[in-house]
Amino acid sequence: MIIENSKTILSVQGLHASINGTEILKGIDLVVKSGEIHAIMGLNGSGKSTFAKVLAGHSAYEVTSGSIQFGDENLLTLAPEERARAGLFLAFQYPIEIPGVANTQFLRLAYNTVQTQRGKEELDPLEFDDFVREKMKLLEMSPDFLDRSVNEGFSGGEKKRNEILQMALLEPKLSILDETDSGLDIDALRIVANGVNQITNTDNATILVTHYQRLLDYIVPDYVHVMEAGRIVMTGGKELALELETHGYDWISTHKQSKAGATA
Amino acid sequence: MSAALQNLVNQPYKHGFVTDIESDVAPKGLNEETIRLISNKKNEPEWLLAFRLNAYQKWLTMSEPKWQNVKHPKIDFQAISYYSAPKQKKKLASMDEVDPELLRTFEKLGVPMHERAALAGVAVDVIFDSVSVATTYKEKLAEVGIIFCSISEAVHTHPELIRQYLGSVVPVGDNYYAALNSAVFTDGSFCFIPKGVKCPMDLSTYFRINTEASGQFERTLIIAEEGASVSYLEGCTAPQFDTNQLHAAVVELIALDNADIKYSTVQNWYAGDENGIGGIYNFVTKRGLAKGVNSRISWTQVETGSAITWKYPSCILRGDNSVGEFYSVAVTNNYQQADTGTKMIHLGKNTRSTIISKGISAGHSNSSYRGLVRITPTAQGARNYSQCDSMLIGDQCGAHTFPYIQVRNNTAKVEHEASTSKIGEDQLFYFSQRGINAEEAVSMIINGFCKDVFQQLPMEFAVEATKLLSFKLEGSVG
């Protein structure tokens, strides 16, 4: 929700980033305040997922200019693990499989790392087991997932639920959900969205990167941004997503042009 | 490979110090005289000298094996000293008479030579260069009829057992390095578990090569009579020299009816430096004969050291329903090379074998799994399951799998699974996005990868192996 005078969590200015010398992000400006949910929409290749990865600090991308302020910190000076510990969370579009590493072990290490960072007590395996089982109910996940290897053999929907479970455990300040809705059937989508809705509150913020309006029926955004060729070309309220759904992404180009023509 | 990965694999070797102790070292070179000298020093009976000379004659007619996937300059067998022993009093009445310098050496290595200090009551036979310097818990074990001593001692105290079993599983002319070992072996451990006895504690041998330019050629012989069982551990380290040293051992295991031998190794010989200079050539022949019905031989190895490892702990499953197992983790880094695996020879009916091999390669190293599963026509109903997994860290290393499967009985069931994975940047990014740094991530991935093998190790060894591995690979990722 939009709260007046709420704290700025993320402030991106003039962000340019490239991979192997090819520029993907060509000047992004975005301000996210606590309590807000932002949706970033756009066609494949518009740079949405790149933006998500750049925020998380993926080493394949080089930030060539611009700034990212995260709370009180200059995000660009932090290593990926420091960004995570500072409260930035990315739910991956394609969560990677880690054979041989039990999910519970992985979740506990991540949880304890973040807890330590916040000056809180670590949980031992037994305490953590109780804690994580409680959180799993939120996502209607079976406890079997604890003993399985991280994401290994998980269905697409199970992987996404496991991502949101991590979001629930780590209680980030800013969550970026990269195409969390892709590959989900309608039941799984409802469960995942329900989970997200229970985690979001007035102190944290969420960025939903998505292709379709469908997810936004369940998680209602305060702002919708449309990306095209590495820039945010249009920003509106939740009704913008509906317009896109009705008219398609082509509508953006023409609409943008006609608008540009009108002002000229 | 990123810098963090680099650092993670490049850790110093902790056991590289040299003990300053006066040694009795034989002149370099190998000929009949050398063999007579060794035999004479050990005051051996005539039949053992004949055994050695026979092996030497066979060795002269043989040539070094060439089929393994490793490269090294030709070994000059005349540049090696075949006998090196720390000078000490002839007869030791108790452990207190062991040279304090030696005691300190093994203390530094974490090997319990004082019985009272022994961890969880593990009996140890300590081999320093060519000789056994101490064996703990001998008397206590003797109370239940177990013989545990150096092989040199057993030659004198139990010649009938040595004569009967020495060379019965690995014949003197079995292969080039086994023939060499049979000619010049200097010491090793002997262990005999009589009928019906379950060995009350783990037995272990700790090998230490100290003298530069000396080879270590030890011989281990373990016999478990009907219904007996034993768990045996082997550890090894060597100082850091920039020359290569040869370690060519032979281990023979014999399990009679319903007997069970479990043999575990954590091998941490000096591996050479980050440019591949120095390190041990570890050319070892290990073989177990599951002679009796329902007998079981189980090999577990964690190979982290040596410049080159060439070893194939094998099982000959002769007894009906006998079981052979091989669990292995082989880690190579820098310029290390490993060609290791097993042989499972099924002769008896309903014999079963399991092979779990995990190879981890980092740096410029090369690791190969080479394994033979042979089902002979007599092995009705035999079964084998093999799983060979390789993991690569970085993009300069190699992993290879060479499975040989020979089935001559149509009732046999043989399964082979193999996989290759890579600790990828994407996996590390996933961990880091959850706040976990590269070192912890790699250690978690590696331990997960090796879990099936580590589970087979006795408790303390498992802890040591886990530590050794994370130490070994520290700095290899990033």
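Reader: Which strands of chain A does helix 8 lie across, and at what angle does the helix run to strand 11?

Author: Helix 8 (residues 238–247) of chain A lies across strand 3, strand 11 and strand 12 of chain A, and it runs at about 45° to strand 11 of chain A. Such angles run from 0 to 180 degrees between N-to-C directions, the axes being lines fitted to C-alpha atoms, for helices over the stretch in contact. Helices (H or I, at least four residues) and strands (E, at least two) are DSSP runs, numbered from the N terminus. This is a predicted model, in which local features need pLDDT of at least 70 and side-chain atom pairs count only at pLDDT 80 or more, while totals for chains, interfaces and linings use all residues. Residues are numbered from 1 along each chain as its sequence is written, and chains are lettered from A and ligands numbered from 1 in the order in which they are written.

Reader: What makes strand 6 and strand 12 of chain A edge strands?

Author: Two strands pair if DSSP finds at least two bridges between them, and the open sheet of six strands in chain A has the order 6-9-10-3-11-12, with mixed pairing. Strand 6 (88–91) and strand 12 (231–236) of chain A each have a single partner strand, so one side of each is left without a neighbour in the sheet. From one strand to the next, the twist averages 20°.

Reader: How do you know that strand 3 and strand 11 of chain A pair, and in which sense?

Author: Strand 3 (residues 37–42) and strand 11 (residues 223–228) of chain A are joined over five bridges, in the parallel sense, and the definition asks for at least two. Within this pair, A:Met41 stands opposite A:Val226 in strand 11 of chain A.

Reader: Why is chain A called as compact as a globular protein of its length?

Author: The radius of gyration is taken over C-alpha atoms, and the globule rule is 2.2 Å times the number of residues to the power 0.38. For 264 residues the rule gives 18 Å, and chain A comes to 19 Å, which is close, so chain A is as compact as a globular protein of that length.

Reader: How many residues of chain A are in contact with chain B, and which helix supplies the largest share?

Author: Two residues are in contact if their C-beta atoms, placed from the backbone, lie within 7 Å; by that test, 20 residues of chain A are in contact with 18 residues of chain B. Helix 3 of chain A supplies the largest share of chain A's side, five residues.
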